[in-house]
Amino acid sequence: MKIILLHGPNLNLIGKISSKLDSRITLDKINTGIKRNIRNTNTDVKIFQTHKVYQAINFVQRNRNWADGLLFAPMAWALYEYSILDAIKISGLPTIQLLFGSKYNNIDEEKSIFTNVATKTIIGSPKKIYIEGIKFLENVD
């Protein structure tokens, strides 16, 4: 299984948000946890974080033929970024939308423009939703 993971804008600052919640989660800890979880499996993950829409689109377009699925934490893009939505639709990749629980942001599944194209939406703690997404994609036929 080959998965591309796209972290949306401001996820590099998740540590600042989590420190106020006493959870001490950082983007590096999320990425390390993912890599640790897939170690000794047949799953390979390419991870990318950006604030720039054109870089996100390029990442999806350039890796669409390599990947079997997409994990996407859209953050604020969930409310307005139709050009990324278009790139995801065109890619045809099974897409798991990852939304953080209400402690971390105020974007819910109903407000996200990606909900209708996502194969599945997973909502919860940043510590858990990435691993759940990978496991779901590993079991998609």
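Me: Which residues point one way from β4, and which the other way?
Reply: In this predicted model, Thr95, Gln97 and Leu99 point one way from β4, while Ile96, Leu98 and Phe100 point the other way. In a regular strand, side chains alternate between the two faces of the sheet.

Me: Are those residues buried or exposed?
Reply: All of them are buried. β4 is thus described as mostly covered, with six of its six residues buried.

Me: What about β3, and how many of its residues are buried?
Reply: Five of the five residues of β3 are buried, so the strand is largely enclosed by the rest of the structure. Both of its faces are covered. Gly69, Leu71 and Ala73 lie on one side, with Leu70 and Phe72 on the other.

Me: How do β3 and β4 pair?
Reply: They pair in the parallel sense, over three bridges. Leucine 71 stands opposite isoleucine 96 in β4, and leucine 70 has threonine 95 of β4 as its bridge partner.

Me: What is the strand order of the whole sheet?
Reply: The order is β2-β1-β3-β4-β5, in an open sheet of five strands with parallel pairing. β2 (44–49) and β5 (120–124) stand at the edges with a single partner strand each, so one side of each has no neighbour in the sheet.

Me: By how many degrees are neighbouring strands turned?
Reply: On average they are turned by 20 degrees against each other, direction ignored.

Me: Which strands do helices α3 and α5 touch?
Reply: Helix α3 (residues 53–63) packs on the sheet and touches β1 and β2, its direction making about 175 degrees with that of β1. α5 also packs on the sheet, touching β1, β2, β3, β4 and β5, and its direction makes about 170 degrees with that of β4.

Me: Changing topic, which residues touch the most other members in the largest nonpolar core?
Reply: That core has 22 residues, and Leu11, Ile34, Leu71, Leu98 and Tyr130 touch the most other members. Two or more residues come from each of β1 (2–7), α2 (27–38), β3 (69–73), β4 (95–100) and α5 (126–138). α5 gives the most, with five residues.

Me: What is leucine 11 in contact with?
Reply: Leaving aside neighbours within four places in sequence, leucine 11 is in contact with Leu27, Gln49, Ala73, Met75, Phe100 and Tyr130.

Terms used. Residues are numbered from 1 along each chain as its sequence is written. This is a predicted model: local features need pLDDT of at least 70, side-chain atom pairs count only at pLDDT 80 or more; totals for chains, interfaces and linings use all residues. Side-chain values use heavy atoms; hydrogens and water are left out. A nonpolar core is a set of buried Ala, Val, Leu, Ile, Met, Phe, Trp, Tyr and Cys residues joined through side-chain atoms within 4.5 Å. Buried means under 20% relative accessible area, exposed over 50%, partly exposed in between (1.4 Å probe, protein chains only). Helices (H or I, at least four residues) and strands (E, at least two) are DSSP runs, numbered from the N terminus. Contact means heavy atoms within 4.5 Å. Two strands pair if DSSP finds at least two bridges between them. Axes are lines fitted to C-alpha atoms, for helices over the stretch in contact, and angles run from 0 to 180 degrees between N-to-C directions.
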